[in-house]
Each structure stands twice: as structure tokens, then as C-alpha cells.
Amino acid sequence: MRVEFTTEPFDLDEPPRHALVAREVVEGAGLDAVDVGPFGNTVEGGSEAVLAAVDALLRKALDAGATRVSLQLNVLGAGEE
């Protein structure tokens, strides 16, 4: 699976707490690939690991002050991972 996500509100001066928390969640989730950027993040891994990471990401980012989390989840076919 591949998930692309952003947390809001944005702060161009420094990463807000919710963005830092989201980064910690995905970097510690044991996923196959993690690409964290200033305006979007992408992670890939097996379905159980990705779904667990998304659950933790949503809960922890919202608790840390996110007012919106946008995400897109794609199920990858054979050869796409």
C-alpha cells in the first residue's frame, strides 16, 4: 500500500507540532519506504503496517493540534511496490 498525506494548518516558518508527530509515527512504523517533505509525505509498506501507521498518525496528529489531515491510500498491485 502507498499513502500520501499532509497535516494542517501549515506553518512556513517552522514545522508545527502535529507535523513533527506525524513524521515520528511514520518513521517509527517499520514501513518499507518513507518520504517526508515540507508539503507532503509518502509511505509504503504491507497493508497491516500501513493501516496501523495511518491509525496512529490520525490519532496522534489530531491530538497534537492538526485541524485537518488529508490522505490518499493506494493499493499497489504486483510489481508496483
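1. Asp55 and Arg59 both lie in helix α2, 4 residues apart, which is about one turn of the helix (helices, H or I with at least four residues, and strands, E with at least two, are DSSP runs numbered from the N terminus). Their side chains meet in a salt bridge at 2.8 Å, N to O (a side-chain nitrogen of Lys or Arg within 4 Å of a carboxyl oxygen of Asp or Glu). Asp55 is partly exposed, at 39% relative accessible area, whereas Arg59 is exposed, at 53% (buried means under 20%, exposed over 50%, partly exposed in between, with a 1.4 Å probe and protein chains only).

2. This is a predicted model, in which local features need pLDDT of at least 70 and side-chain atom pairs count only at pLDDT 80 or more, while totals for chains, interfaces and linings use all residues. Residues are numbered from 1 along each chain as its sequence is written, and side-chain values use heavy atoms, leaving out hydrogens and water.

3. The whole structure holds 3 salt bridges. In one of them, Glu44 meets Arg2 at 2.7 Å, N to O, and this pair joins strand β3 to strand β1 across 42 residues. Arg68 also forms a salt bridge with Glu8, with the closest N and O atoms 3.9 Å apart, linking strand β4 to strand β1 across 60 residues.
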